[in-house]
Amino acid sequence: MSLSNEQVLRVASLARIELTAGEAGDTLAKLNGILGLIEQMQAIDTSGVAPMSHPQELSQRLREDAVTEPDRRDDYQKTAPAVENGLYLVPKVIE
Amino acid sequence: MSRNDWEVVIGLEVHAQLTTASKIFSGASTAFGAEPNRQACAVDLALPGVLPVLNRGAVERAIRFGLAIGATVAPRSVFARKNYFYPDLPKGYQISQFELPVVQGGTITIRVGEGEKSYEKRVNLTRAHLEEDAGKSLHEDFHGMSGIDLNRAGTPLLEIVSEPDMRSSAEAVAYARALHALVRWIEICDGNMQEGSFRCDANVSVRRPGAPLGTRREIKNLNSFRFLQQAIDYEVQWQIDTLEDGGTIRQATVLFDPDTGETRVMRTKEDAHDYRYFPDPDLLPLEIPAEWLERVAGEMPELPAAMRQRFIDEFALSDYDAATLTASREMAAYFQSTVDAAGMALAKPCANWVMGDLAARLNKAGLEIADAPVGPQQLARLVTRIADNTLSNNIGKKVFEALWNGDGGPSADAVDTIIETQGLKQVTDSGAIESIIDEVIAANQKSVEEFRSGKEKAFNAIVGQVMKASRGKANPAQVNEILRRKLGG
């Protein structure tokens with residue numbers, strides 16, 4: 001399996017990464033290299049092996065349901081480019 | 001061709017906000033109505049270096065739900081990143097579950113319609129998974145900018161996905177209502193639809209009976225049962241009209257506009273999100289050992305389906321009565337307390353009062369049953385006084401109204417106080433009733449003649465006069481009997 005230039009541009013757009021034509025070509029070559037590696041690995045019989053979702057053989061630690069975070073809005077908003085009425089302001093986006 | 005030539009296929013996705021005090025991956029509060037961003041901590045804001053830590057309370061609520069619908073609660077489930085860019089999602093991904101959700105399968109039995117035409121149906125669930133909510137974007141005028149409130153970001157949600165098992169908007173609404181009642185019953189969600197605690201998305205398609213599934217369109221964010229019904233009805237008609245006019249349905253996400261009653265396209269399949277799910281490396285697999293399941297199972301309340309069956313078996317109620325009384329946990333608890341106080345033999349009149357006069361009065365006053373001014377102990381005493389012939393049913397309604405207005409105080413004794421002070425005790429002394437009847441007969445000779453010449457209606461008129469003369473207190477059965485004897489009827 002190998003990717004097309006178009007697919008690379010689509011993935012880049014989804015990830016909001018801007019690529020020049022040259023960069024897109026480089027990226028295509030790199031990604032196809034990785035896909036080649038995966039293709040080799042797929043030759044191995046993994047039936048009966050559960051898919052790994054995390055490299056560590058541990059399970060998730062849980063916290064008790066309690067409110068532990070104080071209101072630190074004023075601190076957090078000091079680093080925001082624009083705030084008003086307690087809201088963070090961003091360029092208008094309407095879906 | 002008509003609507004009957006088409007089969008409607010509906011599946012529902014419901015987002016139920018869980019009733020935890022803190023967020024699913026942070027210790028910020030989930031309380032509704034705070035000033036913007038006062039409950040958005042570093043984790044919710046996705047500041048660099050923060051890590052999510054899973055809330056045990058959210059997991060436990062998912063377990064309760066799984067047990068309540070007879071689903072498999074996965075001993076091991078996995079959190080995944082759902083990637084998309086929007087300003088109210090500061091991380092650039094939502095933490096959700098994809099391939100291995102915490103709740104798998106399960107069923108909910110629904111009752112569709114009312115009365116004799118109603119029917120039962122089992123709806124299969126695909127899954128329910130834990131995820132975090134996004135923040136809110138406010139598009140009012142901030143000098144051409146949008147305002148972002150991240151208080152809601154990270155609020156725990158259980159997304160409950162049904163199979164495409166519903167065949168009409170009525171079935172979809174019945175399912176949504178049953179689910180709504182259930183999540184409130186097991187106290188995992190407050191069900192407040194105005195505040196967005198229970199939001200429905202409907203996947204709708206139509207097909208010729210027996211044909212493969214048609215192309216579906218998804219109606220997003222329906223926050224009332226009425227809108228759910230209206231949106232589906234409009235969408236179904238639109239799809240049928242489109243197909244019958246020779247058109248095709250294109251897969252799309254649509255929004256319902258309550259003002260026009262129409263659905264309109266938000267995005268089509270071509271520009272559908274490609275979420276690029278992958279396991280979240282910040283979170284280890286969630287393991288739920290059998291002991292935890294057993295403990296939660298031991299703490300579950302009696303579920304509506306079981307309680308309904310018990311009401312039928314123990315109290316000899318009809319299926320309809322039992323279903324109505326278990327529509328909400330509050331109503332079931334009220335009825336149970338009433339029967340506990342009045343005795344099992346009076347279960348049916350208790351049911352009638354709860355579903356009849358009490359429900360109507362609550363409805364008129366816009367009150368919930370938990371806030372009813374007439375308590376179960378009082379209602380039980382009232383039912384008892386009617387059963388032991390102290391009150392006629394009609395005068396009982398007067399006493400109920402007096403209780404509602406707070407006469408006689410909050411205890412059950414208020415019933416007896418009202419009967420005493422307002423002189424409402426039913427007259428069952430046949431001598432007293434007879435003398436009233438004699439007076440009425442003497443004063444209404446015309447009616448008496450009419451009755452004797454065969455007009456049955458005239459008899460009722462005389463009974464009415466007797467009841468009036470006794471100010472409603474004469475026992476109606478006795479009045480009937482004595483009057484018929486006296487008139488030789």
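Student: What makes β6-β5-β17 of chain B an open sheet of three strands?

Tutor: In this predicted model, the strands come in the order β6-β5-β17 with antiparallel pairing. Strands here are DSSP runs of E with at least two residues, helices are runs of H or I with at least four, and both are numbered from the N terminus. β6 (93–97) and β17 (278–279) of chain B are at the edges, each with a single partner strand, so one side of each has no neighbour in the sheet.

Student: How do you know that β5 and β17 of chain B pair?

Tutor: Two strands pair if DSSP finds at least two bridges between them. β5 (residues 79–83) and β17(B) have two bridges, in the antiparallel sense, and B:A80 has B:P279 as its bridge partner.

Student: Which strands does β9 of chain B pair with, and over how many bridges?

Tutor: Two bridges join β9(B) to β7 (residues 103–104), six join it to β8(B), and seven join it to β12 (residues 156–162). The pairing with β7(B) is antiparallel, as is that with β8(B) and that with β12(B). B:A128 of β9(B) is the bridge partner of B:V103, and the partner of B:A128 in β12(B) is B:I160.

Student: Why is the second largest pocket said to lie between domain 1 and domain 2 of chain B?

Tutor: Domain 1 (3–292) and domain 2 (302–421) both give residues to the lining, so the pocket lies between them. Those bounds come from an automatic or database domain assignment. α3(B) gives the most to the lining, with nine residues.

Student: How are residues numbered and chains lettered, and what counts in the model?

Tutor: Residues are numbered from 1 along each chain as its sequence is written, while chains are lettered from A and ligands numbered from 1 in the order in which they are written. Local features need pLDDT of at least 70, side-chain atom pairs count only at pLDDT 80 or more, and totals for chains, interfaces and linings use all residues, while side-chain values use heavy atoms, leaving out hydrogens and water.
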